[in-house]
Amino acid sequence: MTNQPSRAGNGLLSALPDEAWLRIQPHLQRVDLPLGQTLYQPGGKLNHVYFPVDAIVSLLYVMQNGDSAEIAVVGHEGIVGIALFMGGESTPSSAVVQSGGYGYRLPSRVIKEEFNASVTVMHLLLRYTQALITQMAQTAVCNRHHTLDQQLCRWLLLSLDRLQGSDLVMTQELIANMLGVRREGVTNAAMNLQRAGLITYARGHIHVVDRQGLEQRTCECYAVVKREYDRLLAPDKLA
């Protein structure tokens, strides 16, 4: 058994040119990403980027009164910490593990060196950043104009796209914090989806019974985000 990092579990690592992968591989460290872990705080200096493998990380804005709302989710398709290669050392958002698992972290110096040294790596990371910005913008629109049922469907579908299988371990309180709503609202929305035969929900465990039904019930926001990720990060685009 080897402890060498593998590029197979993360889309961006898999898409790196071989020479770039060989340069960063010695600097990658496998790390556990347990549920609820905070990877960075608002305004704090970012020392690493993270490449999730089977974990999901939520990017959150936290208000002065402690209320929060999710602006994007990152899983095996992406990277957490884009501020480092976009020219900043910090960000006003926080990053919290939404679904536990593991990933790889890379020191800030290494990701900045690769971004500046390789046009191919730069274009890859910029395409991912454009897809992430689309998700952020669509989340803002969705939270303003669509029902909580539709928002929950969108959130579930985006989360499932970043996991293997049809199950999520998530408390109502955590979902409420992600969506920026009251816990009672999440309870009602989840019960609506359960009565419709789309999910089962008990003791923080969500099982998606009918994914196609979720896609039909959600708003257009999910499809907009998925199309942009597929367009920008499709294998032929990353070659």
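A search of the whole structure, which is a predicted model, finds three aromatic pairs, a pair being two rings of Phe, Tyr or Trp (its six-membered ring) with centres within 6.5 Å, called stacked if the planes are under 30 degrees apart, edge-to-face if over 60 and tilted for the rest. The rings of Tyr 128 and Tyr 229 have their planes at 80 degrees and their centres 6.4 Å apart, so this pair is edge-to-face. Distant parts of the chain are linked by the pair, since Tyr 128 belongs to helix α4 (residues 119-145) and Tyr 229, 101 residues apart from Tyr 128, to helix α9 (residues 221-233); helices are DSSP runs of H or I with at least four residues, numbered from the N terminus.

Tyr 128 is buried, with a relative accessible area of 0%, and Tyr 229 also counts as buried, at 8%, where buried means under 20% relative accessible area with a 1.4 Å probe and protein chains only. The ring of Tyr 229 additionally has the charged end of Arg 162 over it, 5.1 Å from its centre, a charge being placed over a ring if NZ of Lys or CZ of Arg is within 6 Å of the ring centre and within 35 degrees of the ring normal. The charged end of Arg 30 sits over the ring of Tyr 102, at 3.6 Å from the centre of that ring.

Helix α4 also holds Gln 138, which is buried with a relative accessible area of 15%. Leaving aside neighbours within four places in sequence, Gln 138 is in contact (heavy atoms within 4.5 Å) with Cys 221, Val 224 and Val 225.

Residues are numbered from 1 along each chain as its sequence is written, and side-chain values use heavy atoms, without hydrogens and water. Local features of the predicted model need pLDDT of at least 70 and side-chain atom pairs count only at pLDDT 80 or more, whereas totals for chains, interfaces and linings use all residues.

Conventions. Helix = DSSP H or I, 4+ residues; strand = E, 2+ residues; numbered from the N terminus. Buried < 20%, exposed > 50% of the residue type's maximum accessible area, 1.4 Å probe, protein only.
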